[in-house]
Amino acid sequence: MGGLRFTPLPLIHSKPTLGYAIEDGQGGRFAYLTDTLGLPPGTMGFLQGWGAFEMALDCTFPPRDEPRNHNDWHLARRLATEAGAHRTWLTHIGHELDAWRIAEGADTPPGVAVAGDGDIVEISADDR
């Protein structure tokens with residue numbers, strides 16, 4: 001589609017859900033992974049062997065003992081590291097997570113940011 005290649009990636013949710021690995025044909029790679037609780041082994045393996053990429057990843061909740069249907073703060077941060085993304089934008093942010101981040105003064109680790117409305121990010125193979 002328009003020079004982009006999309007590879008569907010299974011996710012974990014209450015209903016069948018897919019994320020997408022997107023390639024621009026010039027070395028730019030972006031994984032769009034929302035509406036998920038963790039990542040299936042096949043999807044994680046694909047990402048770990050994919051090469052340099054950036055991604056948007058579901059992070060709906062503050063830390064929870066047992067998150068449901070969506071990643072919490074700790075799981076999303078761990079997945080970002082394990083997948084090997086060059087940069088990760090946490091998305092699908094819930095109101096509870098926003099309130100918790102403000103109350104706790106929670107910072108993101110290097111290479112991870114909380115995406116916000118109106119953010120514009122340009123992905124380029126030259127960024128690596």
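Contact is defined here as heavy atoms within 4.5 Å. In the predicted model, glutamate 23 meets this criterion with Gly3, Leu4, Arg5, Thr7, Gly28, Arg29 and Trp50, residues up to four places away in sequence being left out of the count. Glutamate 23 belongs to strand β2, which spans residues 18–23. Its relative accessible area is 16%, and the residue is therefore classed as buried, the cut-off being under 20%. A polar contact of 3.4 Å links the side chain of glutamate 23 to the side chain of arginine 29.

Leu4, listed among the contacts of glutamate 23, also contributes to a nonpolar surface patch of about 440 Å², together with Phe6, Leu18, Tyr20 and Tyr32. With a relative accessible area of 39%, tyrosine 32 is partly exposed.

Helix α2 comprises residues 73–83, and its buried residues are Trp73, Leu75, Ala76, Leu79, Ala80 and Ala83. An α-helix has 3.6 residues a turn, so residues three or four places apart point the same way. Glycine 84 follows α2 and has a positive phi, near 90°.

The mean pLDDT of the protein chain is 90, and 93% of the residues score at least 70. Confidence is highest in helix α1 (residues 41–48), at 98, and lowest in strand β6 (residues 112–114), at a mean of 88.

How values were computed: Residues are numbered from 1 along each chain as its sequence is written. This is a predicted model: local features need pLDDT of at least 70, side-chain atom pairs count only at pLDDT 80 or more; totals for chains, interfaces and linings use all residues. Side-chain values use heavy atoms; hydrogens and water are left out. Helices (H or I, at least four residues) and strands (E, at least two) are DSSP runs, numbered from the N terminus. Buried means under 20% relative accessible area, exposed over 50%, partly exposed in between (1.4 Å probe, protein chains only). A polar contact is a pair of N or O atoms within 3.5 Å; within protein, one must be able to donate a hydrogen and the other to accept it, and residues adjacent in sequence count only if both atoms are side-chain atoms. Patches are made of residues with over 30% relative accessible area and no salt bridge: like charges are joined within 9 Å, nonpolar side chains (Val, Leu, Ile, Met, Phe, Trp, Tyr) within 5 Å. Accessible areas come from the Shrake-Rupley method with a 1.4 Å probe; for residues, only the protein chains shown count as cover. A salt bridge is a side-chain nitrogen of Lys or Arg within 4 Å of a carboxyl oxygen of Asp or Glu. pLDDT is the predictor's confidence in each residue, from 0 to 100.
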